[in-house]
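The sequence and structure come first.

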Amino acid sequence: MLQTLKKHRFLLEELVRRDFDRKYKGSFFGAAWSVLNPLMTLLIMRVVFGHFFGSTIEHYTTYLFCGTVVFSFFSESSAEGLMALMGNAHIFSKVNVPKYLFLLSKNTQTLINFAITLCVFFLFCAIDGIVFTWKFLALVYPIIMLLVFNLGVGFLLSAMYVFFRDMQYLWAIVTQLLLYVSAVFYSIDTFPVHVQNAFLLNPIYLFIRYFRKVVIDSAIPSFGVHVLMAVDTLVVLLLGIWIYRKYDTEFLYYI
């Protein structure tokens with residue numbers, strides 16, 4: 001796979017550039033929307049939910065931003081990944097190229113947006129009085145895991161969308177549901193223990209929890225959290241790759 005990526009490196013770079021330019025083509029603010037989107041979402045949630053949770057959760061703005069920045073990365077990557085195959089059918093139906101390049105280009109584009117948003121996030125942390133320590137380096141782990149997790153989800157969604165076009169609408173509903181069950185704007189500390197444990201079954205919550213633990217509590221999550229996150233990521237990735245390989249030759253018949 002690495003040799004294939006090296007061979008098609010130029011194509012991947014052009015796809016990323018094309019996707020980035022196409023996303024903001026005709027937009028007055030252009031690439032600034034990669035920052036404005038999560039900021040506006042943060043502002044709306046801060047106004048709506050700040051009255052209910054702001055007084056009980058320390059550094060609530062940072063707490064909320066941790067959830068927003070992680071969930072936005074996942075939401076954008078999965079939505080873009082879903083269209084990776086169908087959006088490029090006019091290319092791979094005429095030219096024999098590895099189809100996963102289109103998914104990689106989508107995820108690279110969303111990773112760039114995420115990196116820009118992270119810079120703003122750290123600025124907000126400083127304004128909110130968060131103390132920066134060496135433990136912030138631990139954030140590299142959930143970021144890498146989330147990137148790989150997004151790839152796995154993209155493999156699954158893009159393949160399913162080829163055969164089942166309603167997936168676009170179903171996934172929008174699933175994403176909305178995930179927003180509410182990932183504790184983006186509230187705390188689960190007041191819930192019964194068995195309910196709190198049930199949240200650990202949600203991979204997105206794990207990523208958000210990791211960010212909050214490092215940034216707000218200045219602590220590194222337990223080894224069990226690392227293992228659980230790695231297992232979730234590996235299972236989704238392997239399942240996605242398996243689906244891609246199994247139906248790779250059939251995609252052309254359904255586009």
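How many residues does H7 have, and what distance does H7 reach from its first C-alpha to its last? H7 has 24 residues and reaches 35 Å, close to the 34 Å expected at 1.5 Å a residue. The expected span of a helix is 1.5 Å times one less than its number of residues.

The model is predicted: local features need pLDDT of at least 70 and side-chain atom pairs count only at pLDDT 80 or more, while totals for chains, interfaces and linings use all residues. Residues are numbered from 1 along each chain as its sequence is written, and side-chain values use heavy atoms, with hydrogens and water left out.

**Overall content**

The protein contains 11 helices and 0 strands; helices (H or I, at least four residues) and strands (E, at least two) are DSSP runs, numbered from the N terminus. Of its 255 residues, 47% count as buried, where buried means under 20% relative accessible area, exposed over 50% and partly exposed in between (1.4 Å probe, protein chains only).

| Helix | Residues | Reach, first to last C-alpha | Expected at 1.5 Å a residue |
|---|---|---|---|
| H6 | 28 residues | 40 Å | 40 Å |

H6 is followed by Gly-129, which has a positive phi near 85°. H7 is mostly covered, with 17 of its 24 residues buried.

**Packing of H7 and H11**

Helix H7 (residues 140-163) packs on helix H11 (residues 223-247) at an angle of about 30°, and their axes are 8 Å apart. Axes are lines fitted to C-alpha atoms, for helices over the stretch in contact, and angles run from 0 to 180 degrees between N-to-C directions. That angle makes H7 roughly parallel to H11 (angles under 35 degrees count as roughly parallel). The crossing of H7 and H11 is left-handed, meaning that the near helix is turned anticlockwise from the far one by less than a right angle. Residues of this contact divide into 20 nonpolar, 5 polar and 1 charged.

**The salt bridge**

A search of the whole structure finds 1 salt bridge, defined as a side-chain nitrogen of Lys or Arg within 4 Å of a carboxyl oxygen of Asp or Glu. The side chains of Lys-106 and Glu-80 meet in a salt bridge at 3.6 Å, N to O. Lys-106 lies in helix H6 (residues 100-127) and Glu-80 in helix H4 (residues 60-82), so the pair ties together parts 26 residues apart in sequence. Lys-106 is buried, at 11% relative accessible area, and Glu-80 also counts as buried, at 17%.

Methods:
Angles under 35 degrees count as roughly parallel, over 145 as roughly antiparallel, 65 to 115 as roughly perpendicular and the rest as oblique. Ala, Val, Leu, Ile, Met, Phe, Trp, Tyr, Cys and Pro count as nonpolar, Asp, Glu, Lys and Arg as charged, and the others, Gly among them, as polar.
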